[in-house]
Structure formats: C-alpha cells, structure tokens
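Please look over the sequence and the model before reading on.

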Amino acid sequence: MNKWLIITLLSIGFALNAQTTKISLGVQTGYNGGFGIQPQLTVYNLTKDVKMHLRISIGYTSLNPGNALEARRIFINNNTNGTPEKSGTNLDARLDFMFPNKILNNSYINFGPRYSSFKADYKFIGGNEFFDVTSTQWGLGIGAGNFFKISKKLDLEFSLGADYYFPSTLTGHDTSYSPDNENINPRKDNQNDNKPFTYDDANAAINQPKFVPRLMLGINYHL
C-alpha cells in the first residue's frame, strides 16, 4: 500500500498547485463486485492545456468470498464437519483520469490504476476451523459517467465501468498459492490421487477480485 500512498500524495500535491482547479468531495454507493461505498476527492480542470479531471478514491465492498468447503480443502484440510459461515471484504484504492466528452452534457470517460486488499473469512461452527484467505492486487479500470447539477454546490453523479485485477498470491493459514505455482505448503487433493492443489484451484475457489463490473450512484459537494 505504500507505493499507492506515495502516488496519491504526489497527485494531490500536483493538483492543489494547479492554478485553474476546483475541488469536490463526494461519496458513491452501488455495485462493485458486491455492495460497495466509495468516498472520493475530485480535482477539476487539472491542467490548462488538456481538459482533464483527477479523482482519488477509496472503496469498501462487502462480497461473496467464494466456496467455503473448497477453501477449507485447499488451505486447511479435507475435513467436512462443522457448519460453514463466510464473509468477504475488499478495500480498493483508485486513481482516475477523467476526460469530459461531448456525447452528453457533463459526461466523462475515465481510466486509471487500482489497488485491492481482499479478505475472505471462513468459519466452520462445530468443526473448530476458523481462517482467513487474503490477497493484494494491482489492476486497471475504465468507465464513464455523468454529472447532474442539483444546486450550485451539489451534483448527482451516475457512473459505470469495469476493473481488471492481475492474478496475485492467495494466503491462508500456513499455506499460499502463487500464479507461478511456487506454492508454500500446498494441501493434497484426496479426490484426485492426493495431488497437490495448484494456484488455479485456489483462484477458482476464492473470489478475489478478477474482472469487476461497477454501477455506482453518488453525490459531490463542491468546495
């Protein structure tokens, strides 16, 4: 996360030193691979030569973490006792370059880098198994949106888009699976001649961000 914070701070510093900027604070909510909420800061008219806005945001999403029984087999053991409970969360940081377009009034297209911190929580009640599976990922996103003026200070915003996150190591308990299959303490699949599980098995069972569609609605307050 340190690299992302450095990029964010440099971007804010550059934006606030621009001579023609206006700033808004806002929040969006909607679908982001699950129900999500996203506080955001937008800097308008970042440069004099190119009409472009810059947005920095952090999102929190509650989502389906994947298959609890498969997660247990791949990261813990082949036991089947206990009643499974599961929950998933994702914290994402986003930097967007926003370019106004002429298709609709006050509309824009956007793209930029993404950073994700994912956590899946699994509990097997009565089976004495409690464990998390985590990953961190970089990604890229594109989208489009439109502002609808409510008042001089307040805008309603509608946005849609999609993000793609690059494959990353999944870690749970004392086991991890990496995209290059340099895995640490992989479990054995008792349903497949006790062959060690692979990254593809773990990635299929765990819903870490991959291709994530977005549909969000929010408001912006102009400072």
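Predicted model: local features only at pLDDT ≥ 70, side-chain atom pairs only at ≥ 80, totals over all residues.

Which residues are linked in a network of salt bridges? They are Asp 92, Arg 94, Asp 96, Arg 114 and Asp 163.

**Salt bridges**

- The structure has a count of 11 salt bridges.
- Side chains of opposite charge can pair when their charged atoms come close.
- One of the salt bridges joins Asp 163 to Arg 114, with 3.1 Å between the closest N and O atoms.
- This pair connects distant parts of the chain, as Asp 163 belongs to strand S7 and Arg 114 to strand S5, 49 residues apart.
- Asp 163 and Arg 114 are both buried, and both belong to the network named above.
- Another salt bridge is formed by the side chains of Lys 119 and Asp 132, at 3.7 Å from N to O.
- Here too distant parts of the chain are linked: Lys 119 is in strand S5 and Asp 132 in strand S6, 13 residues apart.
- Lys 119 has a relative accessible area of 39%, so this residue is partly exposed.
- Asp 132 is also partly exposed, because its relative accessibility is 29%.
- A further salt bridge brings together the side chains of Arg 187 and Asp 174, with a distance of 2.9 Å from N to O.
- The relative accessibility of Arg 187 is 14%, so Arg 187 counts as buried.
- Asp 174, in contrast, counts as partly exposed because its relative accessibility is 40%.

**The cavity**

- Searching the whole structure gives one cavity of 30 Å³ or more.
- The largest cavity holds about 140 Å³ of space.
- Its lining has 18 residues, and those closest to the centre are Arg 94, Asp 96, Asn 110, Ser 159 and Arg 214.
- Arg 94 and Asp 96 are also members of the salt-bridge network.
- At least two lining residues come from each of strand S4 (83-101), strand S5 (107-125), strand S6 (129-149) and strand S7 (154-165).
- Strand S7 contributes the most to this lining, with six residues.
- By type, the lining of the largest cavity has five nonpolar, six polar and seven charged residues.

- The largest pocket holds about 510 Å³ of space.
- Its lining is made of 21 residues, and Tyr 44, His 53, Asn 106, Phe 147 and His 222 are the closest to its centre.
- Strand S1 (22-32), S4, S5 and S6 are the elements that supply two or more residues to the lining of the largest pocket.
- That lining is split into seven nonpolar, seven polar and seven charged residues.
- The second largest pocket holds about 190 Å³ of space.
- Of the 17 residues lining the second largest pocket, Gly 33, Asn 207, Pro 209, Lys 210 and Val 212 lie nearest its centre.
- S1, S4, S7 and strand S12 (211-222) each give two or more residues to the lining of this second largest pocket.
- Its lining residues divide into seven nonpolar, six polar and four charged.

**Strand S3 and the strands paired with it**

- Strand S3 (residues 53-63) is mostly covered, with eight of its 11 residues buried.
- Strand S2 (residues 35-44) runs antiparallel to S3, and seven bridges join the two.
- Phe 35 has Ser 62 of S3 as its bridge partner.
- S3 also pairs with S4 in the antiparallel sense, over 11 bridges.
- Ser 62 in turn has Thr 89 of S4 as a bridge partner.

**Helix H3 and Asp 200**

- Asp 200 is found in helix H3 (residues 199-205).
- With a relative accessible area of 57%, over the 50% cut-off, Asp 200 is exposed.
- From C-alpha to C-alpha, Asp 200 and Asp 49 are 47 Å apart in space, and they are 151 residues apart in sequence.

How values were computed. Residues numbered from 1 in each chain as written. Heavy atoms only, no water. 1 Å grid on protein atoms, 1.4 Å probe; cavity = no way out; pocket = protein on both sides within 12 Å on 5 of 7 lines; lining within 4 Å. Points joined across faces, edges and corners; volume = space filled by probe spheres on them. Helix = DSSP H or I, 4+ residues; strand = E, 2+ residues; numbered from the N terminus. Nonpolar A, V, L, I, M, F, W, Y, C, P; charged D, E, K, R; others polar. Salt bridge = Lys/Arg side-chain N within 4 Å of Asp/Glu carboxyl O. Buried < 20%, exposed > 50% of the residue type's maximum accessible area, 1.4 Å probe, protein only. Pairing = 2+ DSSP bridges.
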